[in-house]
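Hello,

Here is the structure I promised to pass on to you. Please open it alongside this email, and I will walk you through what turned up.

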Amino acid sequence: MDLGLSETQELLKNSARDFLENESPEQLVRDMEEDEAGYSPELWSKMAEQGWQGLLIPEEHGGAGFDFLDLCVLIEEFGRALVPGPFMSTVLGGAVPLMEIGSDEQKAEFLPRIASGDVIFSLALTEPSARFDEEGVECTASVNGNEVTFNGTKLFVPDANVADYLIVAGRTDKGVTLGIVATDQPGVEVTQLQTIARDKQAEVKLNGATGQLLGNDGDGWDALKPVVNHYTVAECAYLVGLAQMDFEISVDYAKERVQFGRPIGSFQAIQHKCADMVTDVDGSRFIMYKAAWSLATDQPDADTQMSVNMAKAWCSEATRRVVAHGQQIHGGIGFTKDYKIQLYFRRQKRAELAFGDADYHRELVAQQLGI
Amino acid sequence: MDWSDSPEQATFREEVAEFIVERLPGRYQSGSREGGIVQSWQADRKSVDTEARDSAMNWADALAEKGWIAPHWPEEYGGAGLTVMEQFIYNQEMAKAAASPVGGMGVSLLGPTMIVHGSDEQKAEHLPRVLSGEVAWAQGYSEPSAGSDLASLQTRAIRDGDDLVINGQKIWTSGAQYADWLFALVRTEPDAPKHRGISFIVMDIKTPGITVRPIVDMGWQEPFNETFFEDVRVPAANIVGEENRGWYVGMTLLDFERSGISDAIQYERTLTRLIDYGKSEAGAKHYRQDWKILRHEVAERYLEIGVLFNFAFRIVSMQNNGMVPNYEASVNKLFGSETHQRLSRTGTKLFGLYANVWQREGEHAPMNAEFTRDYVGSVPHTIFSGSSEIQRNVIATRGLGLPRG
C-alpha cells in the first residue's frame, strides 16, 4: 500500500511539466481557442517525439508500453497546462479501443501511426439524445463482411474537425457495433459547434459512411465499457490538474492582492476558501488515482466499476467548487477575458460534463450500493 | 501508487484479523459506538458490572500478549514497534471489527510524548502501568477561557521548594471520571510570551485539591468534565520535558495515526448498516415513504467516506516514505468530522418522523435510535481537537503560506 508516485512517474511528471510550460503557454491556449483546427501541428509532433501519443501503446506497435496509471500522471499535467488539441481523443478514443478489441491487423495498421503522431482519432459515441448508455446509440450500422456502414447523427464528437478516423458506435439488429471510419469520405459531414471551453466539438452526420468493422457485430457495447471507463478516469485526471492550477493561481493572487491595507489572503474569509480548495483538489486526486490504479491493475470488475463512478462523481463536483472559489477570490479581474483564471473555469465545465456529470455518476453509485 | 497489500502486509492483516476473531470478548464484538467520544473500554474497566470489568481486563490481557495495546510504541518500551504501515493495517482491522481500543489517552498521547520528552525515571514509573491497564490517563489542556486559543491558558503553577502549587480550572477533560492520572499544560512563567511560559506536567488525579465534575452534554450524557485545582501540590519532578517548554512538548505528537483510518472504516460500516436496514422489514417501516429522493445523498456519503479513507492513507503513506505531514493532518480532521456530521444527518433524514425517537428500546426506534443520537453526539466533532475553523486556518497559513490575519 502506497500513495506515492513511482520513480518513472515522478520523472514523467516533471519532464511533462517543464515541456508543457514552454510548449503550451497561456498564449497558445488562447490562440487555439480561435484557431480553426484548435491545435498546433508543431506541438503535436513534439509530443509524439516525447512518446506521449504512444505512451500506453505496447512497444511492439511502436509505443512506450507504459500503463494507464502513468498516462493519468501525464494527463494531470495536460489539465494543468490546459493543453489544446486532440490528445485525449486520439489516445483514449482511438488507441484504447484499438488495443482493447482491434484485430492484429488493425493494431499493426493504426497503433504505430498513432504513436508517431501521424494520425488523429476520435470517438463518435454520443448523439442528439446526449446519453452515455447503450440505449443512447441509435445511429444505424450494417455489417458486410469486414466492413460496416453507418447512417445517423453523432453529436459532441471531440476534435472531429481534425480527426483522420472516427471510432463510430452504431446499431445493427444484433446490437451496438463499432467501426473505424475515415473522415475523408463523402458520407461524413462535420459541423463544428461553438462551445463553452472553445474546444472543438462537432455534429457528425454519417450518410452511408463506411469503415472497417472493429470487434464483432453486436458486441460493441461490451467492448466500449472499458473504453468509456478509461476515458472517464482520464477526464478526471485532466480535472485534477486543472483544479490544482486554478487553486495555485488563486492562492498566489490572494497573497498579492491588497485591500484594506493588507493582502486579502490574510482574511479568514479568503483563507477558508483556499483551505476548502486544497481539500477538494487533494480529495479528487486520490479518488481519481484509485480508479486509475484499479483499471491499470485489473482489479475485480465490480470494484473497478464502482471506483470509476465514484471518481467521476466526486471530481466533477469537487473541481467545480474549486474553480467557483477561484473566480470569487479573484473578484472583478477574474471575469475578464484577459485574465487567465477564466480559462480554467470554462474548461472545467467541459470535463465535468464529459461522460456524465456528478449526478449521472452518483446515480450509478447508488445503483451499485443497491439503493 | 498501490491500494493493495504486499504479501507481507496481507500476512500481517490476516494475523490481526484472526487474533480479533479469537480473542475479542463478546461484549465488544458488535454494536455501535456513538459520537466517537465515549471510550467504552475506559468506562468498562471501572464499571460496577463484573461482566464489563472482566471483558475490559481480558481484552487488555489478550492485546498485551502481542504488544498490541500500544502497537506504535517502540519495543523497548513494551510496544510492538510496528511500522506506520503495520499500524495502519492494525487500525483498519480493529475498526472493521469495531474492536474497542485499549488504554485510551495513555497509549495514544501520554506514552508517545513521554517516550520523546520524559526522563528515564518518568518512563520507568508510568509506561509499564499504561501498558498493563493499571493506570488510565486524562488530558487537561482546554480551559474556560482557552479553547481555540489554547496558548492563553491561565491555570497557574507556582514553584514552592521542590513542588509546584497549582490553581485554576480545566474543562472538557474527557474521561477524567474514569482516569487515575492527568497530564496537563500549566502556566509556570506568567511574564513570558504566552507560548513560552507553559509546562507539561503529570499528576495523580487523587491529589488533594483536584475536583472532577462531570458536564452533562446536550445528549444528556457525561463524556466530559470540568477539573478544578485548588492549591494542588505536585512535585516539580513531574514536569515532562523542559520547564516552560511545555507547549512544544504537548504539540509534539498528534494522534492522527489512529483516528483517521478508524473513523473512515467506522463510517463505512455505519452507512452499510443503514442501507441494509432499509431492506429489512423493520427498515421498510422506519424509512420514510419518499426515501428514494435521498438516494443521491446516500451515494454522496459513500463518496465522502472513500475520500476520507484516502486522506488517512495519505498521511500514513507520507510517513512511510519519510515525510512529515503538515496541513494534511488538518485536512483529515476537517473532512472527517464534517463527513461524520453529514452521515448522521443523512441517517436522520431517511427516517423522517422516526428520527424524533431518542429511546433505544421499542418498535418505534429505528436502529436503536443510533442516528438520532449520533446527530446530537457528532456536534462536538467539528469543535474538539481544533475546530473546523482552526483547521482551515492551519491549512491556509501553515499549509498554503497565506499571511496570518
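How many salt bridges does the rule find across the interface of domain 2 of chain B and domain 3 of chain B? The rule finds 0 there, a salt bridge being a side-chain nitrogen of Lys or Arg within 4 Å of a carboxyl oxygen of Asp or Glu.

Before going further, some housekeeping. This is a predicted model, in which local features need pLDDT of at least 70, side-chain atom pairs count only at pLDDT 80 or more, and totals for chains, interfaces and linings use all residues. Residues are numbered from 1 along each chain as its sequence is written, chains are lettered from A and ligands numbered from 1 in the order in which they are written, and side-chain values use heavy atoms, with hydrogens and water left out.

Domains of chain B

Chain B has domain 1 at 7-102, domain 2 at 137-250 and domain 3 at 256-399; these bounds come from an automatic or database domain assignment. Between domain 2 of chain B and domain 3 of chain B, the C-alpha centres are 31 Å apart. Their contact (heavy atoms within 4.5 Å) involves 5 residues from domain 2 of chain B and 7 residues from domain 3 of chain B. The two bury about 400 Å², with 75% of it on carbon and sulfur atoms. Buried area here is the accessible area (1.4 Å probe) that two parts lose on being put together, summed over both. The side of domain 2 of chain B that touches domain 3 of chain B has 2 nonpolar, 3 polar and no charged residues. For these classes, Ala, Val, Leu, Ile, Met, Phe, Trp, Tyr, Cys and Pro count as nonpolar, Asp, Glu, Lys and Arg as charged, and the others, Gly among them, as polar.

Where the chains meet

Chain A brings 43 residues to its contact with chain B, and chain B brings 46 residues. About 4200 Å² is buried between them, and carbon and sulfur atoms give 68% of that. In chain A, the residues losing the most area to chain B are A:Met1, A:Leu3 and A:Ile371, together 22% of what that side buries.

There are 4 salt bridges between chain A and chain B. B:Arg295 forms a salt bridge with A:Glu363, where the closest N and O atoms are 2.7 Å apart. Helix H8 (268-296) of chain A is among the elements that supply at least two residues of the side touching chain B, and H8(A) gives the most, with 15 residues. By class, that side of chain A has 23 nonpolar, 11 polar and 9 charged residues.

Strands to look for

Helices (H or I, at least four residues) and strands (E, at least two) are DSSP runs, numbered from the N terminus, and two strands pair if DSSP finds at least two bridges between them. In chain A, strand S3 (residues 147-158) and strand S7 (residues 201-214) are antiparallel, with 10 bridges; A:Gly152 has A:Leu206 as its bridge partner in S7(A). Strand S6 (residues 188-193) of chain A also runs antiparallel to S7(A), joined by 6 bridges, and A:Val190 stands opposite A:Val204.

In chain B, strand S3 (residues 163-171) pairs with strand S7 (residues 224-235) in the antiparallel sense over 8 bridges. B:Asp163 has B:Pro235 as its bridge partner in S7(B).

Happy exploring!
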